[in-house]
Amino acid sequence: MAPAPLPDLSLSRSASDRQGARRGDAGLLERLWADEAVRVVRVHDGRTPVTRDGDGGPDGQPRLALVPPSHVPGGAPHGVRVLLGTDPDGTWYVAQEVADPSLDPGGGDDWADLRTLGAELDALEAGLLTQAVAVLRWHAVNPRCPRCGAPTSVEQAGWVRKCTADGSEHFPRTDPAVIMSVVDADDRLLLGHNDMWPAKRYSTLAGFVEPGESLESAVRREVLEEVGIEVGDVDYLGNQPWPFPASLMLGFRGTAVSTDVVTDDVEITDARWFSREELVAALRDGDVLLPPPVSIARRIIEHWYGGSLEDAGGVWR
Ligand SMILES: [Zn+2]
């Protein structure tokens, strides 16, 4: 596959081997838990302990506060454990859901979430944390069998839940969503404001892919529904996992064949065309705030702009 126009998206980076073939090894997690060389990624509600002492990185750059299993409170699991895999040096990693962070001494300076950390961590740690947050969120909302409602047990080193009543196996799910720039014949970019966002926040349009729908159809449908614009050509830009709670964001550029905006006034309450000059002016004047660098939305906007908008200001907080 040719390289996508948007390489190295923050949460798409990875430097680990998931060791999928080892998940079925009998007693693997128990053996790893007894091994002091193993490193544990602790997660509570999408947050993880980090250190910012500049150890091994530039000052202030966060690093995951990874600990051996014996440093996890009580030395025993108090939530789901999941095998994450190995790094290039052969170190094994396990994710541990921390049920009550007040019982956790931390071992880090503070707890932070993936959205905040994603663009700052190195590729190995960004990949491990994205994987851990995504799979633990799936466990958190799927304790029971979707077929019969019976409790399920955790199997395959955390990658399967099996129904205790009917034996059916259930695998972690990811919801595909499309996110797209919409560009007109004058090379202007359409940005929308969602009714749920604070004032002045603008971003690319996005929406979930419906059952039985292609990605291109989803792009055209979402744009037509939300802003009344017809899209012709649809070009793929890149993708990144977005486990808030379970999305895979698939990025596209859509070429508009009409320009009259009619917002749906349900999701999108305002949408505007911007030339590059108009967008920079709006950012400098504080009229528009754009999504942060960790998001694929930001990278799609900068792909259209043709460079970084970091110095233009105006980022969501
Ligand atoms: Zn069942």
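Let's start with a cysteine: Cys145 counts as buried, because its relative accessibility is 4% and the cut-off for buried is under 20%. Keep in mind as you look around that this is a predicted model.

**Cysteines**
- Cys148 tells another story from Cys145: Cys148 is partly exposed, with 43% relative accessible area, while Cys145 is buried at 4%.
- How many disulfides does the structure hold? The count is zero.
- In case the word is new to you, a disulfide is a covalent bond between the sulfur atoms of two cysteines.

**Aromatic pairs**
- Searching the whole structure turns up four aromatic pairs.
- One of them joins Tyr236 and Phe252, whose ring centres are 5.7 Å apart.
- Why is this pair called edge-to-face? The planes of Tyr236 and Phe252 stand at 65 degrees, and an angle over 60 counts as edge-to-face.
- Now find the two partners along the chain: Tyr236 belongs to strand E13 (residues 231-242), and Phe252 to strand E14 (residues 247-256). The pair therefore ties together parts that are 16 residues apart in sequence.
- Trp242 and Phe244 make another edge-to-face pair, with 4.7 Å from centre to centre and 80 degrees between the planes.
- Trp242 is buried too, because its relative accessible area is 15% and anything under 20% gets that label.

**Charges over rings**
- Which residue lies over the face of Trp304? That's Arg276, at 4.7 Å from the ring centre.

**A three-stranded sheet**
- Three strands build an open sheet in the order E3-E2-E6, and their pairing is antiparallel.
- Which strands sit at the edges? They are E3 (63-64) and E6 (110-113), and each of these pairs on one side only.
- Strand E2 covers residues 47-51, and E2 pairs with E3 in the antiparallel sense over two bridges.
- To see where these strands face each other, look for Val50, which stands opposite Leu64 in E3.

How values were computed:
Residues are numbered from 1 along each chain as its sequence is written. This is a predicted model: local features need pLDDT of at least 70, side-chain atom pairs count only at pLDDT 80 or more; totals for chains, interfaces and linings use all residues. Side-chain values use heavy atoms; hydrogens and water are left out. Rings of Phe, Tyr and Trp (its six-membered ring) pair if their centres lie within 6.5 Å; planes under 30 degrees apart count as stacked, over 60 as edge-to-face and the rest as tilted. Helices (H or I, at least four residues) and strands (E, at least two) are DSSP runs, numbered from the N terminus. Buried means under 20% relative accessible area, exposed over 50%, partly exposed in between (1.4 Å probe, protein chains only). A charge sits over a ring if NZ of Lys or CZ of Arg is within 6 Å of the ring centre and within 35 degrees of the ring normal. Two strands pair if DSSP finds at least two bridges between them. A disulfide is a pair of cysteine sulfur atoms within 2.5 Å.
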